[in-house]
Amino acid sequence: MGKTGLSLNKCILSLAIACASVAFTGCNDTDTDDSPTVDTPATTVGSLRLIGDYSIPTKTMYQAVEFGGISGLDRDQDGRYWAISDDRGGEKGAPRFYNLSIDMDANKINKVSINQMIYLRDQNNNLLPDNRRSADPESIRVAPNGNLYISSEGNFSNKVTDLYQPFVREYARDGQFVREFDIPKRFHYVDNTSTGGRSNKLFESLTVTPNGNIFTANEDALIQDGPLTSMNNGSVIRVVKLDPSSGKSLAEYAYQIPSIPVNSLPNTFAPDNGVSEMLAISENEFIAIERAYADGVGNTIRLVKTKINPTSTDIKNIDSLNAAKFEPMSKQLLLEMPIHYMGIKLDNIEAITWGPTLNNGHRSLIIAADNNFLDKQSTQFIGFEVIP
């Protein structure tokens, strides 16, 4: 389940708040080139212009199942979108994903429609359970072959029968399991104390480059790589490059997360900060979402352009980043959005995708929020024009 900021350079800011209603349609349960590509105007991201937002209320039902928990979003070639819910099972339903339509132009997001809901299956193609936790799906991307890549944080438990390791898998569009990628064991859950992954802090991010290479990343530091983010310190995560042909990991790069910008109110939950998603711009440049939450205050969202440079260290052979020497990925702040931004109260932003090409030829961008199935939150979509 997902967790519950430097001004915009050269950006013309405008706002169109879209109405909060939802329409329902439909009813249904290679080898790659590793050489960096040169950014064209279509893939250059100079700044962002706010278009507007649209929200689907919590407790919206689709086929008798509550819609929400949207933690990943990706645009398909047909213009529709695939959205993953991070419902682990045993909460609102079994792990599942959706097909959506998002009607957006240069002025506003007009409507978001739910077209289809599909349940996920395990490696034996049995439906994942709806009465207990198993997978914690966090991101979804369209594969070059038309299938879907899905990442999961898994589920940590001291009970062996309830412990599920994180994964990146390929699925058919009907939820059928195709294959699982070979994730380095340093990301596996061990005891949530001494080494390995931290509970609920793993594969939030997943993206596919124009040439089909796959990258995933943990949300906050592995135990052996140092402390979690706090008000006093940042942390470091690993961005993993996966080979779509062999399914094996090829390289790992360090991404540095800053300290938490805003503290929670007294006598509430501790604040946190982490990378909740990444979107590939080219073979080596990405937009990362840094999402910080302060209980009783709200969410601070930073969109950061980050790049794997020739000098960036491949850290796959470094067992612990704590006190290690390495050159991280470079970072450039693209947009910082405080708790309230241009009249919009930001929710728990966990998803990012390219949107439609606008009439002026510019690309658009859509970010979306995981509502955690809480009444005080909503499934929020926010659109931007990409200014080259």
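Student: Why is Pro266 called exposed?

Tutor: This is a predicted model, and every label in it rests on computed values. Pro266 has a relative accessibility of 66%, and the cut-off for exposed is over 50%, so Pro266 counts as exposed. Pro266 sits in the loop between β17 (249-257) and β18. The C-alpha atoms of Pro266 and Gly296 are 8.8 Å apart in space, although 30 residues separate the two in sequence.

Student: What makes His188 partly exposed?

Tutor: His188 is at 21% relative accessibility, and since buried means under 20% and exposed over 50%, His188 falls in between and therefore counts as partly exposed. His188 belongs to the loop between β13 (177-180) and β14. Setting aside residues up to four places away in sequence, His188 touches Gln165, Pro166, Ile183, Gly196 and Gly197, where contact means heavy atoms within 4.5 Å. Its C-alpha atom is separated by 9.1 Å from that of Leu202, which is 14 residues away along the chain.

Student: Why does Ala64 count as exposed, and what is the phi of Ala64?

Tutor: The relative accessibility of Ala64 is 72%, and the threshold is over 50%, so Ala64 counts as exposed. Its phi is near 70 degrees, which is a positive value in a residue other than glycine, and Ala64 lies in the loop between β4 and β5 (65-66). Lys59, in the loop between β3 and β4 (61-62), also has a positive phi without being glycine, with a value near 80 degrees.

Student: How do you know that β19 is mostly covered?

Tutor: Ten of the ten residues of β19 are buried, and buried means under 20% relative accessible area. In a regular strand the side chains alternate between the two faces of the sheet. In β19 both faces are covered, with Glu285, Ile287, Ile289, Arg291 and Tyr293 buried on one side and Phe286, Ala288, Glu290, Ala292 and Ala294 buried on the other.

Student: What makes β19 a paired strand, and which strands does it pair with?

Tutor: Two strands pair if at least two bridges are found between them. Eight bridges join β19 to β18 and ten join β19 to β20, so by that criterion both count as pairs. The strands run antiparallel in the pairing with β18 and likewise in the pairing with β20. A hairpin of four linking residues connects β18 to β19, while β19 and β20 form a hairpin with three residues between them, where Gly296 in the turn has a positive phi of about 85 degrees.

Student: Why is β26 described as largely enclosed?

Tutor: Nine of the ten residues of β26 are buried, so the strand is largely enclosed by the rest of the structure. β26 is joined to β3 by ten bridges, running antiparallel, and Arg49 has Glu385 as its bridge partner in β26. Five bridges join β26 to β25, again antiparallel, with Phe384 as the bridge partner of Leu365.

Student: What makes a group of residues the largest nonpolar core here?

Tutor: In soluble globular proteins, nonpolar side chains tend to be buried together. The largest core here has 24 residues, and Leu48, Leu303, Met337, Leu365 and Phe384 have the most contacts inside it. Strands that each supply at least two of its residues include β3 (47-57), β19 (285-294), β20 (298-307) and β26 (378-387). Leu303, leaving aside neighbours within four places in sequence, is in contact with residues including Leu48, Ile287, Ile289, Leu333 and Met337. A second, separate core of 23 residues includes Val65, Tyr81, Ile102 and Phe381.

Student: Which residues are closest to the centre of the largest pocket, and how is its lining divided by class?

Tutor: The largest pocket has a volume of about 670 Å³. Of its 27 lining residues, Asp74, Arg75, Val208, Trp354 and Arg363 are the closest to its centre. The lining divides into ten nonpolar, eleven polar and six charged residues. Strands supplying at least two lining residues each include β6 (70-75), β10 (137-142) and β14 (203-208).

How values were computed. Residues are numbered from 1 along each chain as its sequence is written. Side-chain values use heavy atoms; hydrogens and water are left out. A nonpolar core is a set of buried Ala, Val, Leu, Ile, Met, Phe, Trp, Tyr and Cys residues joined through side-chain atoms within 4.5 Å. Buried means under 20% relative accessible area, exposed over 50%, partly exposed in between (1.4 Å probe, protein chains only). On a 1 Å grid over the protein atoms alone, a cavity is a set of points where a 1.4 Å probe fits but cannot get out, and a pocket is an open set with protein on both sides within 12 Å along at least five of seven lines; lining residues have an atom within 4 Å of a point. Grid points are joined across faces, edges and corners, and a volume is the space filled by probe spheres set on the points. Ala, Val, Leu, Ile, Met, Phe, Trp, Tyr, Cys and Pro count as nonpolar, Asp, Glu, Lys and Arg as charged, and the others, Gly among them, as polar.
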